[in-house]
Amino acid sequence: MVGLGYDVHRFKKSRKLFLGGVKISDRNGLDGHSDADVLIHALMDALLGAAGENDIGHFFPNTDNKYKNISSVELLKIVVSVLKKKKFKIINTDMTIIAEKPKIYPYIDQMKENLSETMKIPKSRIAIKATTNEKMGFIGRGEGIAAMAVVSLEK
């Protein structure tokens, strides 16, 4: 089974920036109900989609205060447990972060480590890439960050 996920959040100056469970900055984070980690949100939607489940908004509604400012790593743990109950095994994931800033490359290995530990798969099965939007659109103007994820599951 294959799943595709996408997420986008705008910048908010009064928040910390988390990507892949790694704190990138103490300011200029992303706006959202949880910690707004776009990479993990895209990954969770891909995982849930591959399993034939509803999206993360169904599992973690932004109207539920118990998810307010929660770490997306904690949400990913819940998604992984849903997959485990349905007897799915995560084979691999390929993800892309789209952002003009900040530079992502220095954090990729730590992101892979976090996701490997959380999903219980080897780092070698996790690809994380980064690109810009060539200064076009809202991402190009530095207004936000987007992420895409593709995953493969088997039963």
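A polar contact is a pair of N or O atoms within 3.5 Å; within protein, one atom must be able to donate a hydrogen and the other to accept it, and residues adjacent in sequence count only if both atoms are side-chain atoms. The model is predicted: local features need pLDDT of at least 70, side-chain atom pairs count only at pLDDT 80 or more, and totals for chains, interfaces and linings use all residues. Residues are numbered from 1 along each chain as its sequence is written, and side-chain values use heavy atoms, with hydrogens and water left out.

Start with the whole chain. The secondary structure comes to 5 helices and 7 strands. These are DSSP runs, numbered from the N terminus: helices are H or I with at least four residues, strands are E with at least two. In sequence order the pattern reads β-β-β-β-α-α-α-β-α-β-α-β.

Next, the overall dimensions. The C-alpha trace spans about 40 × 35 × 25 Å along its principal axes. The radius of gyration of the chain is 15 Å, which agrees with the value near 15 Å for a compact globule of 155 residues. That radius is taken over C-alpha atoms, and the globule rule is 2.2 Å times the number of residues to the power 0.38.

Now surface and interior. The accessible surface of the chain comes to about 8200 Å², and 51% of it belongs to carbon and sulfur atoms. Accessible areas come from the Shrake-Rupley method with a 1.4 Å probe; for residues, only the protein chains shown count as cover. Of the 155 residues, 47% count as buried. Buried means under 20% relative accessible area, exposed means over 50%, and partly exposed lies in between (1.4 Å probe, protein chains only).

Contact means heavy atoms within 4.5 Å. Among contacts with a separation of 6 or more, 70% join residues 24 or more positions apart. The chain has 25 positive and 18 negative charges, and their mean positions are 2 Å apart. Lys and Arg count as positive, Asp and Glu as negative; His and the chain ends are not counted. Each charge is placed at NZ of Lys, CZ of Arg, CG of Asp or CD of Glu.

Turn to Ser-72. This residue lies in helix α3, which covers residues 72–85. Is Ser-72 buried or exposed? Ser-72 counts as buried because its relative accessible area is 0%. Its side chain makes a polar contact of 2.9 Å with the side chain of His-41. Leaving out residues up to four places away in sequence, Ser-72 touches Ser-34, Asp-35, Ala-36, Asp-37, Ile-40, His-41 and Met-44.

One of those partners is Ala-36. It sits in the loop between β4 (29–30) and α1 (38–50). Ala-36 is not a glycine, yet its phi is positive, near 65 degrees. With a relative accessibility of 0%, Ala-36 counts as buried.

Lys-120 also has a positive phi, about 60 degrees, although it is not a glycine. This lysine is in the loop between α4 and β6 (126–131). Lys-120 counts as exposed because its relative accessibility is 69%.

Helix α1 holds Leu-48. This leucine is buried, with a relative accessible area of 0%. Apart from neighbours within four places in sequence, its contacts are Glu-53, Asn-54, Asp-55, Ile-56, Phe-59 and Val-79. Leu-48 and Ile-121 are 73 residues apart in sequence, and their C-alpha atoms are 17 Å apart in space.

The last stop is the loop between β5 (89–98) and α4 (108–119), where Pro-102 is found. Glu-100 lies in this loop too. Glu-100 counts as buried, at 16% relative accessibility. Which backbone nitrogen does the side chain of Glu-100 reach at 2.7 Å? That of Asn-133. Beyond its neighbours within four places in sequence, Glu-100 is in contact with Thr-132, Asn-133, Glu-134, Lys-135, Ile-139 and Gly-140.

Lys-101 is placed in the loop between β5 and α4 as well. Its peptide bond to Pro-102 is cis, with omega near -5 degrees. Leaving aside neighbours within four places in sequence, Lys-101 is in contact with Phe-11, Gly-142 and Ile-145.
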